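Reader: Can you walk me through this one? Keep it quick.
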Amino acid sequence: MSGKPSDGPETGASSIDRMAESVAVSPTSSPIKTQGHLRETAAIQGPALGARRPVSSTRGRRGMQSLSGRLLIFSAAFVAATMAATALVLWLIVGHVVREQVDQQLDVQIEALKGSLRFDAAGTPRLSASFDNPPFDRPGWFWQIDTPDGRLNAPPPTHGPGRRPGHDRPGGPPDAPPPEGPTPDLTAAERPGPALHLRQQSATIDGRVVTFTASAPEAALATPARDALFWLLPLILALGLFLLIGTLLQIRFGLRPLADLHGDLQDIERGARDRLSDMPVRELAPVTTEINRLLDQNEARLTETRLHFANLAHGLKTPLASLRLALDRETDPQGRLAELAERMEQRIRRHLSLARKTAGGALTSATPLSPVIADLLAVLRRLYEERALSVTTAGVETLSLRCDEKDAEEILGNLLDNSFKWARSQIAISARRDGRNAILLIEDDGPGILPERRAEVLRAGARLDESMPGDGFGLSIAEELVTLYGGRLELGEGALGGLCVRLTLPALEQAS
């Protein structure tokens, strides 16, 4: 397909005729229903359909975040904070329980001391029993009795847990003398050794006010709480993990209607359905209702627009046909007016065809590529039978285009006819999928087009070789149709030595 193309094939012109006639005959044919096409139809239908697009697209760029991810992060942070608060509360509860138990032990010791304390005739305080039973035989567990006549202290323990010297008999002898040895003053503001937890009571015994003090090491309160929390923490972490798993499942189950809504929208884009299905979720039902309302409104406006173009087609084609019939050898001896009328009719057909595609081009249509190419090749082989060209195809069997079948015939018909005109002996057609697009390469072994003149042949009415039949609109119409579908048409040098046309068009998405 190359060379100095005239790019005005008969197949392309007939396709334009068919499109213009379909506008006039079928004004109520099904229009596109996707919101994505609103951008293309906004110029025809007024700003009501397209004015809000920039706002929503900007908002979409700012909000490209995962809803499930945001929920999961929030849930994870909440669970972590809850687990930390739970650990703190458990620490306080266990600490309170341990403190209550230690206070109970100290109170029992003080009550025992009260019942055993006596004063002799000289007023010396004495105990009638020994009070170095566990846990008061360990460091930090002390008792102290303060009387007006003196003080009684628990003897200091031996190194580590064990019995105190001089008190080898359990219980001790009655009227045992006060134990001797250095003991800490429990009531002192500053005392050496580890921190102590104190309990203190006052009582009147034999007419004397006596103060009883018992102590326990602070470690006796902290260690049990710490040990209990050491075993509770793994359980807390396991509970947090189960909560996160449950939250993840809840998010997936809760957001499933959104996934279903997304699938319905993709079905509409592929042309598998016209409207969204009814949403059983109360929160999403208004959304689906509004989207369906917009789809219906878009369809009604597009149908009205297509009717206007049908009326325009009738209004222009009828007087132009009358004008051409009125031209004969007498009224137009040189045929210039007839040629001008022909060019006017071609331009009208071209612009009506493009306007029809803009107003109601079916991006949701599914056009298998292989049958279209096969039909065009069958026609072109008969037209150029005397040239005996070799045509190969590859990769076209599995691809479908998201465009109207007549548009696909119009585009490929112009390109293939141009290639049949200029190829010497070979034409190669190949296709492949590239993401959401289909890439078609049409190559020939013709003379090709110089790089500096490739942009020129894409202009409407441009012809590089006047010896070839045509009007110069074929390639320009093909490019404008491709552009309307969001594709590209590029000219380059092919592997066969001639021109290579690279065509990019939206491909039908494969169902997952």
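Author: First, a term. A nonpolar core is a set of buried Ala, Val, Leu, Ile, Met, Phe, Trp, Tyr and Cys residues joined through side-chain atoms within 4.5 Å. Buried means under 20% relative accessible area, exposed over 50%, and partly exposed in between, with a 1.4 Å probe and protein chains only.

Reader: What ground rules apply here?
Author: This is a predicted model, where local features need pLDDT of at least 70, side-chain atom pairs count only at pLDDT 80 or more, and totals for chains, interfaces and linings use all residues. Residues are numbered from 1 along each chain as its sequence is written, and side-chain values use heavy atoms, with hydrogens and water left out.

Reader: How many helices and strands are in the chain?
Author: The chain has 13 helices and 13 strands. These are DSSP runs numbered from the N terminus: helices are H or I with at least four residues, strands are E with at least two.

Reader: And how much of the chain is buried?
Author: Of its 512 residues, 41% count as buried. The accessible surface comes to about 27700 Å², with 58% of that belonging to carbon and sulfur atoms. Those areas come from the Shrake-Rupley method with a 1.4 Å probe; for residues, only the protein chains shown count as cover.

Reader: Back to the cores. Which residues have the most contacts inside the largest one?
Author: Leu-369, Leu-412, Leu-415 and Leu-503, in a core of 42 residues. At least two residues of this core come from each of helix H10 (369-383), helix H11 (405-422), strand E10 (426-434), strand E11 (437-444), H13, strand E12 (488-493) and strand E13 (499-506). Another core lies apart from it, with 24 residues, including Val-94 and Leu-221.

Reader: What is Leu-503 in contact with?
Author: Leaving aside neighbours within four places in sequence, the contacts of Leu-503 include Ile-411, Leu-412, Leu-415, Ile-439, Val-482 and Leu-489. Contact means heavy atoms within 4.5 Å.

Reader: Strands next. How do E8 and E10 pair?
Author: Strand E8 (residues 390-394) runs parallel to E10, over 5 bridges. Thr-392 has Ala-428 of E10 as its bridge partner. Two strands pair if DSSP finds at least two bridges between them.

Reader: What about E10 and E11?
Author: They run antiparallel, joined by 8 bridges. Ile-427 is partnered with Asp-444 of E11. Their hairpin has 2 residues between the strands, and Gly-435 takes a positive phi near 70° there.

Reader: Which residues other than glycine have positive phi?
Author: Asp-206 is one of them, at about 55°. It sits in the loop between strand E5 (196-205) and strand E6 (208-217). Ala-388 has a positive phi too, near 50°, and is in the loop between H10 and E8.

Reader: Why does Ala-388 count as exposed?
Author: Because its relative accessibility is 65%. Asp-206 counts as exposed at 51%.

Reader: Switching to charges. How many salt bridges are there?
Author: The whole structure has 9. A salt bridge is a side-chain nitrogen of Lys or Arg within 4 Å of a carboxyl oxygen of Asp or Glu.

Reader: Where are Arg-199 and Asp-103, and how far apart in the chain?
Author: Arg-199 is in strand E5 and Asp-103 in helix H5 (residues 67-116), 96 residues apart. Their closest N and O atoms are 4.0 Å apart. Asp-103 is buried, at 10% relative accessible area, whereas Arg-199 is partly exposed at 29%.

Reader: Which parts does the Arg-502 and Glu-490 pair tie together?
Author: Arg-502 lies in strand E13 and Glu-490 in strand E12, so the pair ties together parts 12 residues apart in sequence. The closest N and O atoms of this salt bridge are 3.5 Å apart.

Reader: Which residues join into a network?
Author: Asp-103, Asp-107 and Arg-199, through salt bridges that share partners.
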